Amino acid sequence: VGALSVPTFAMAGASASFAASNMYLWRGQNLAPHGGAISGSLDYGFDNGIYAGVWGSGEEAGHEFDLYFGYGGEAAGVSYDISYWSYNYPEERTSAGIQTDLGDTDFADVIVSVGYGPVTFAAYVSVDNPSLPSSTDDKYFTLTGEWGKISATYGWWDLEFPASGDEYTHVTLGYAATDEISFAVNFAMSDLNDDSGVEEDPLFQVTYSKSFDL
């Protein structure tokens with residue numbers, strides 16, 4: 001999923017990716033509960049650590065494309081990355097009988113990550129989200145560990161939305177069966193009100209993905 005995976009490049013040049021999944025799992029929630037999701041990306045990385053790309057996906061309420069650029073590297077065994085992501089929804093479409101103006105939900109994040117050994121911490125700070133009140137503090141944090149084919153992510157969304165509570169967390173456990181096929185199970189916990197729509201039942205994801213050097 002684009003918002004959870006910051007691209008890394010082993011060498012300079014262009015690359016592409018393709019993925020198909022039974023759900024669009026984003027920050028511990030399924031954005032396509034009535035169908036799967038297909039996504040792809042085009043990226044270019046430079047020797048100096050600068051990269052840029054575009055990621056696109058079809059989802060239940062329409063289409064999404066993300067534009068991003070960033071800089072990453074490693075020093076003394078510590079990896080680091082800072083990037084800007086713009087999430088764009090260009091169309092209006094009916095979802096479950098409800099007309100959804102996705103154009104009003106465009107937003108952007110600055111993402112900073114630091115890793116050491118098998119552990120990576122990332123912070124997603126909203127810098128432009130017109131769908132939320134200006135007083136809303138929108139931050140999302142993840143702590144991820146990877147041990148061979150197994151991974152675990154703890155995510156915390158600090159939304160501080162008036163009258164709705166301010167804590168939403170999830171745990172996602174992953175297993176990479178092969179280079180292309182992976183499985184994940186997600187558990188969400190929320191202090192938001194009952195109308196928030198947060199799904200707290202376990203979610204099980206199966207994904208096929210493939211990367212290409214161009």
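This report describes the strands, core, salt bridges and aromatic pairs of one predicted protein model.

## Basis of the description

Residues are numbered from 1 along each chain as its sequence is written. Because the model is predicted, local features need pLDDT of at least 70 and side-chain atom pairs count only at pLDDT 80 or more, while totals for chains, interfaces and linings use all residues; side-chain values use heavy atoms, with hydrogens and water left out.

## Overall composition

The chain has zero helices and 16 strands. In this report, helices (H or I, at least four residues) and strands (E, at least two) are DSSP runs, numbered from the N terminus. Of the 214 residues in the chain, 37% are buried. Buried means under 20% relative accessible area, exposed means over 50%, and partly exposed lies in between (1.4 Å probe, protein chains only).

The accessible surface of the chain is about 11600 Å², and carbon and sulfur atoms account for 60% of that surface. Such areas come from the Shrake-Rupley method with a 1.4 Å probe, and for residues only the protein chains shown count as cover. A contact means heavy atoms within 4.5 Å. Among contacts between residues at least 6 apart in sequence, 43% join residues at least 24 apart.

## Pairing of strand 1

Two strands pair if DSSP finds at least two bridges between them. Strand 1 (residues 13-21) pairs with strand 4 (residues 37-45) in the antiparallel sense over nine bridges. Strand 1 also pairs with strand 16 in the antiparallel sense, over seven bridges.

Alanine 20 illustrates both pairings. Its bridge partner in strand 4 is isoleucine 38, and in strand 16 alanine 20 stands opposite tyrosine 208.

## The nonpolar core

In soluble globular proteins, nonpolar side chains tend to be buried together. A nonpolar core is a set of buried Ala, Val, Leu, Ile, Met, Phe, Trp, Tyr and Cys residues joined through side-chain atoms within 4.5 Å. The largest such core here has 18 residues, and Tyr24 and Tyr87 have the most contacts inside it. At least two residues of this core come from each of strand 5 (50-59), strand 7 (78-88), strand 10 (107-116) and strand 11 (119-128).

Aspartate 66, in strand 6, is buried, with a relative accessible area of 1%. Leaving aside residues up to four places away in sequence, aspartate 66 touches Gly53, Val54, Trp55, Trp85, Ser86, Tyr87 and Asn88. Glycine 53 is 13 residues from aspartate 66 in sequence, and their C-alpha atoms are 8.3 Å apart in space.

## Two residues with positive phi

Arginine 27 is not a glycine, yet it has a positive phi of about 50°. This residue lies in the loop between strand 2 (25-26) and strand 3 (29-30). Arginine 27 is buried, with a relative accessible area of 2%.

Alanine 76 likewise has a positive phi, near 55°. It is found in the loop between strand 6 (62-75) and strand 7. Alanine 76 is exposed, at 81% relative accessibility.

## Salt bridges

The structure holds two salt bridges, each defined as a side-chain nitrogen of Lys or Arg within 4 Å of a carboxyl oxygen of Asp or Glu. In one of them, arginine 27 is joined to aspartate 109, with the closest N and O atoms 2.8 Å apart. This pair links distant parts of the chain, 82 residues apart: the loop that holds arginine 27 and strand 10, which holds aspartate 109. Both residues, arginine 27 and aspartate 109, are buried.

Lysine 210 forms a salt bridge with glutamate 180, and their closest N and O atoms are 3.3 Å apart. Lysine 210 lies in strand 16 (residues 203-213) and glutamate 180 in the loop between strand 14 (168-176) and strand 15 (181-190), so the pair ties together parts 30 residues apart in sequence. Lysine 210 is partly exposed at 31%, as is glutamate 180 at 24%.

## Aromatic pairs

Rings of Phe, Tyr and Trp (its six-membered ring) pair if their centres lie within 6.5 Å; planes under 30 degrees apart count as stacked, over 60 as edge-to-face and the rest as tilted. By this rule there are 15 aromatic pairs. Tyrosine 68 and tryptophan 85 are stacked, because their ring centres are 4.1 Å apart and their planes stand at 20°. Tyrosine 68 is buried at 5% relative accessibility, and tryptophan 85 is buried at 1%.

Tyrosine 71 and tyrosine 80 form a tilted pair, 6.1 Å centre to centre with 40° between the planes. One aromatic cluster consists of Trp26, Tyr68, Trp85, Tyr87, Phe107, Tyr124, Tyr140, Trp157 and Tyr168.
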